[in-house]
Amino acid sequence: MALRQWQIITSLCSFLRRNKNKEIILCVSSIRHFSSSNSCHHLRQLYSAVCVERHPIIGAEKNKLEQRFADLMAQLELEKSFLSDHEVRLIKEKQAALTENENKEETNKETETALDLEDKWEAELKLFTPAPRETEADYKNDRHSLERKLDKSLYLLVKQNIEGKDHWILPQTTWRNGETMRQTAERALSSICGDVKVTFLGNAPCAFAKFDPDKIFFFKAWYREGQVIPNKDFAKDYLWVTRTELSEYCFGGYHKQIKKFIPPL
Amino acid sequence: MINESYSFITSNGINGGLLLFFLLFFLPRETTLHSTSEMATCMLFSKLCQFQAVKVSSIFCCSQIHSQSMPLWFHTAQKLWAEPMKKKKRVDPSILAARSAKKIKRIEKEIKRLAKIGRILKPIDELEIDNKKLKLASERKREPTIESPEATEMKALLTKEWGRYRSRQWRYEYKIYQQLVHAQQEALVELRAEAEELYKAALQVISSTTLLIDYALIPVDFQGPKLTPAIQDYSVPDGEYVDTTRKY
């Protein structure tokens, strides 16, 4: 063991000589790890996990109170507003029509009145159908799709093998010498899930979990684009689930830990 | 063959390099120069050599021939790289003086005018109140809605309920934020216990690899939730575009 440590130290020294980079200092901490693991039967490891969140694409449905208050606000807005050009035109045309009736002068001029315009606009609106709030993936309950539960945040789960057992967890990987924890998390995502573009929310972990003797540090990231293609060497499957669905997949202890930083909002 | 090359020169101007090649390839080395056409070839050679600034002595047939004594077989126009000057018009100095005086007078007038008014600043449209619109405001008043006392009461109650609802919501959210911060603090403490270097790296605001601002972190942009999702491959109909910005 002493020989092995000596090898590590000499290789480190040569490495440091070659690259006088600030980052390399991180290597030093690895020595501590090796020495502490001597007495332990299981090599103590650090993990970085990344919690990829897809934000809601559409707003949530308003509840009863919110709807009532929104209506009230709209009403107040209307009451306190001034007449628009269109409304002025409507009033004017109405008055003109009244006087015309009195004079009984029939003019066959075909002019587009404000009311005609309104009809035209209404017809145009009817032609337009907005995309439905519930998608095909919702009906099929396809949890691989990103097109589901558009009004809620979705989180990426992968089926990884840990100590011989398959678990549904956030994509994670072991920390390597010379890496910061965020770099490990980035590597975890790129190696397990393929080319998925995300934005990490800082260098600091948002939470940690201890599963003796290992420690997992969690990082949060926003999903940007790309399709998850799980690397079969690391993960068997993947899912996009909401916060409430997490408990269906994650085992108790793990679910309790990740609930700490996945807020019910 | 030589005649052909001739016509090539006269019609297209001189392409010396190409022609040299051409002749060197097709004239046999032992050719004796007797006929006029052969003479012409040599002429051509010497001319070419002048153009191309190639040393003539190295070329076998040209060293013996004096180019000036021969009649010129072909002509090249001289390159001028310019065109003849226009003749300058002579102007009466008195007219010139009058012209400059007029100019000065005009500028002086302008200066006087500006000094009188002072500097005119370009107005900021957003800050200007349009008088026309002010007038319109009085014309465009909506008829006040007369509401029953019950409706007023309902309105007040709803506003109160809304206030309570929002404050409850805020307190709930605040609690969650505190939990999130607490979870992160815990994680940082644990990371420090693990390795000081990792802890320091976690606190970095700049990129650890490039030592510059980490553009993977900032700026962060996010497009908020909408009422309905975007339609796939939707082509936006073109609207009318009228630029009403005034020019000063």
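In the hairpin formed by β2(A) and β3(A), where 2 residues lie between the strands, Glu163(A) adopts a positive phi near 50°; strands here are DSSP runs of E of at least two residues, helices are runs of H or I of at least four residues, and both are numbered from the N terminus. The model is a predicted one, in which local features need pLDDT of at least 70 and side-chain atom pairs count only at pLDDT 80 or more, while totals for chains, interfaces and linings use all residues. Residues are numbered from 1 along each chain as its sequence is written, and chains are lettered from A and ligands numbered from 1 in the order in which they are written.

Strand β1 (residues 46-54) of chain A is mostly covered, 7 of its 9 residues being buried; a residue counts as buried if 20 or more other C-beta atoms lie within 10 Å of its own, as exposed if 12 or fewer do, and as partly exposed in between, with C-beta atoms placed from the backbone. A parallel pairing of 8 bridges connects β1(A) with strand β7 (residues 214-225) of chain A, and there Phe217(A) is the bridge partner of Ser48(A). With strand β4 (residues 172-174) of chain A, β1(A) runs antiparallel over 3 bridges, and Thr174(A) in β4(A) is the bridge partner of Tyr47(A).

Chain B, in turn, comprises 7 helices and 0 strands, and buried residues make up 6% of its 248 residues. Among the contacts in chain B with a separation of 6 or more, 42% are between residues 24 or more positions apart, a contact requiring that the C-beta atoms of two residues, placed from the backbone, lie within 7 Å. Helix α6 (residues 149-194) and helix α7 (residues 196-203) of chain B pack at an angle of about 140°, with their axes 5 Å apart; axes are lines fitted to C-alpha atoms, for helices over the stretch in contact, and angles run from 0 to 180 degrees between N-to-C directions. α6(B) and α7(B) are therefore oblique to each other, given that angles under 35 degrees count as roughly parallel, over 145 as roughly antiparallel, 65 to 115 as roughly perpendicular and the rest as oblique. In this contact, Leu188(B), Leu191(B), Arg192(B) and Glu194(B) of α6(B) meet Glu196(B), Leu198(B), Tyr199(B) and Ala202(B) of α7(B).

Between the chains, 41 residues of chain A are in contact with 42 residues of chain B. On the side of chain A that touches chain B, the largest share, 5 residues, comes from α3(A). The predictor gives the complex an ipTM of 0.73 and a pTM of 0.62.

The mean pLDDT of chain B is 75, with 68% of its residues reaching 70 or more, where pLDDT is the predictor's confidence in each residue, from 0 to 100. Over residues 1-25 of chain B the pLDDT is below 50, and this stretch has 22 contacts in the model beyond near neighbours in sequence. Where pLDDT is low, the predicted coordinates should not be read in detail.

How values were computed:
Two strands pair if DSSP finds at least two bridges between them.
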